[in-house]
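These are my notebook entries on a single structure. I took up a few topics in turn and wrote down what I found.

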Amino acid sequence: DAEADRAAAAAELMSAHRYSIRPANPAAHLFEMRLTVASPDPGGQEFVMPAWIPGSYMVRDYARHVVSARAESDGRDVDLVKLDKSRWRAAPADRELTLVFEIYAHDESVRGAHLDTTHAFFNGTCVFPAVVGQEDTECEVEIEPPEKPVGRNWRVATSMRRKDAEQYGFGLYHAADYDELIDHPVEIGELSIGEFEANGIPHAIAIRGDTRVDMARLCHDLQTICEQHMSLLGAPADLDRYLFLLNAPGAGYGGLEHRWSSANICSRDHLPARGDEGVSDEYRTLLGLLSHEYFHLWNVKRMKPAVFVPYDLSQENHTELLWVFEGITSYYDDLALARSGLIETDSYLELVGRTITRVLRGAGRRRQSVAESSFDAWTKFYKQDANAANAIVSYYAKGALVAMSIDLKLRSETNGTVTLDDVMRAAWQRWGMTGEGVPEDGFQQLCAEVSGLDIDDFLDAAVHGTGELPLESLLASHGIAYQLRRSSGGKDKGGKAAGDGSLPDVWLGADLASRDGRTVFTIVHNDGPAEHAGVSPGDELVALDGLRINFAAAEARTRRYKPGDRSELTVFRGDELMSLRLLGEEAPADTSYLVLDDEADESATARRSAWLGH
Ligand code: ZN
């Protein structure tokens, strides 16, 4: 009855965890976090900070940024013991207990927390500990302003539900439980905000930084992307709002997905300016990024690997399926731009050509499958060293190509009646709408089940194998010619035919970078000329055949050599000067581009139109 309801509501309100976060000292990059627990564990309440943030698969041990911790109850200090790298336990308290953290925040990435005199940004994983044993309790969050004069015009952007806070204002917010609490990143600063609706659902983008952006165009393009994705899988039932957070400093790139928002970084110069027409390379990259994070609403935020249900935030959660959640998302992010007409077909083919090129240029694709790359993401993909190109394959890039291969294979063999879209719809119904996790072998089985095809061997080879994908034949069946050529140099990302200049005959088999005015070998490719000569990553290139060489001149100089030419490479390894013998070797055709096949038959061009939407 009503009386009991009110009592229950009051009890619920009383027992909500009360977090407050305050930019206590922006100049010192310190937040103060206070957490009050109404009914602490009578045996002594434990608190724990996450070791990692969902979506970024590396142990980051966020507790290491807690610079001081104390507890109090009823105005008196309560003993607080550190149990391990991430956990604390307060002495038993018989009334409400408050934990106080001072947290250092100077990581300006989408996975971190950052505070200075220009803005504040945080993920809940960085600043909010969990109340052990009470993770399902509702959380209230008081977001407090900094002391003046800092932050006079600051506003708050977050997808967290408001309680008494004004829209974009400081004040009280709330989340249903701890899992939701850490799924709402918060940006606080001088913000440009654009609002739009996608299929009737309110959406917004909050940009930090002085961007002079064409906000109307950006909102229009985002609406197009969001509605494109919704047309594939339908809006999730609990999606009643969505917020793109975009930090736009001078340089930077990245994004992290959440259930009702995403945190993104791009260079301010890559945003479209008022009066700009056409889609620049940089804006296309930004649209691809935002499209990617939005597709994650379905693919990994609601439909996720079984081992993520629930997440264990104390340690690595291994799964072979990251290629499904990142690779398929990487496939649909750019495909949605083409299908919605934001970019032309040739622009889309350029992007695919670049993805193929990224995969082809690493020998790691012959050593690691996308399933293995997924499993070892925590210690390999996220902890790349100079040997990464030789040892690992990206479950993003190759995962996207596996997704495209599956899609084209289904389209070819079912005469277009079954596509990857159908598999994704079935997956969404089975695992996304139910919240059940995807079993490790679930996706492959579903592909076979939905298509009715005998494609186990094909899928096994693509997902668990290290051979080349049959891209040439699959693309040919869709009226697209797969082309390979040599690279024109360090800036050549592929995707396009060679320009006018002739391509170099030889290659170094190594990547160079300019560091503090020195020319340094960053990557030495397995079985390439540099490795044969004995070059190590980190060596400084000093001279070629007795002539000093610098980064800017290196490509032009090496281009003058032919296969079979012998030369002397002079390098510093640390402080030791070394002379190495280099033998010119023919450059590999490791650069891909795709072109429409004018001679394709009618059925192939029909399949192409059905695939790309135009
Ligand atoms: Zn992603």
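**Entry 1: A lysine and its salt bridge**

I began with Lys163, which is partly exposed, with a relative accessible area of 36%. I worked throughout with a predicted model. I then asked which side chain meets that of Lys163 in a salt bridge. The partner is Glu138, at 3.4 Å from N to O. I placed both residues along the chain: Lys163 lies in the loop between β14 (161–162) and β15 (171–175), and Glu138 in the loop between β11 (130–131) and β12, so the pair ties together parts that are 25 residues apart in sequence. Glu138 has 17% relative accessibility and counts as buried, because the cut-off for that word is under 20%.

**Entry 2: The network around it**

I next looked for further members of the group. Lys163 and Glu138 belong to a network of salt bridges that also links Arg18, Glu140 and Glu142. I recorded Glu140 as buried, at 7% relative accessibility, and Arg18 as partly exposed, at 36%.

**Entry 3: Another pair, and the total**

I also looked up Arg87, whose side chain meets that of Asp84 in a salt bridge at 2.9 Å, N to O. Arg87 is partly exposed at 30% relative accessibility, and Asp84 is partly exposed as well, with a relative accessible area of 33%. How many salt bridges does a search of the whole structure find? I noted 38.

**Entry 4: The zinc ion**

I asked which protein atoms are the donors of the zinc ion. Along the chain, I read their spacing as H-x3-H-x29-E. His296 lies in the loop between α5 (281–295) and α6 (322–339), while Glu326 is in helix α6, so this pair ties together parts that are 30 residues apart in sequence. I found His296 buried, at 0% relative accessibility, and Glu326 buried, at 1%.

**Entry 5: Cysteines**

I then turned to disulfides, and the count came to 0.

My last entry concerns open space. I noted a volume of about 710 Å³ for the second largest pocket. I counted 32 lining residues, of which Asp179, Lys304, Phe308, Pro310 and Tyr311 lie nearest the centre of the pocket. Which elements each supply at least two residues of this lining? I listed β3 (46–48), α3 (178–181) and α11 (420–432). By class, I recorded 17 nonpolar, 3 polar and 12 charged residues in the lining.

Definitions and conventions
Residues are numbered from 1 along each chain as its sequence is written. This is a predicted model: local features need pLDDT of at least 70, side-chain atom pairs count only at pLDDT 80 or more; totals for chains, interfaces and linings use all residues. Side-chain values use heavy atoms; hydrogens and water are left out. On a 1 Å grid over the protein atoms alone, a cavity is a set of points where a 1.4 Å probe fits but cannot get out, and a pocket is an open set with protein on both sides within 12 Å along at least five of seven lines; lining residues have an atom within 4 Å of a point. Grid points are joined across faces, edges and corners, and a volume is the space filled by probe spheres set on the points. Helices (H or I, at least four residues) and strands (E, at least two) are DSSP runs, numbered from the N terminus. Ala, Val, Leu, Ile, Met, Phe, Trp, Tyr, Cys and Pro count as nonpolar, Asp, Glu, Lys and Arg as charged, and the others, Gly among them, as polar. A salt bridge is a side-chain nitrogen of Lys or Arg within 4 Å of a carboxyl oxygen of Asp or Glu. Buried means under 20% relative accessible area, exposed over 50%, partly exposed in between (1.4 Å probe, protein chains only). Donors are N, O and S atoms within 2.8 Å of the metal (3.2 Å for Na, K and Ca); water is not among the atoms, so sites may look incomplete. A disulfide is a pair of cysteine sulfur atoms within 2.5 Å.
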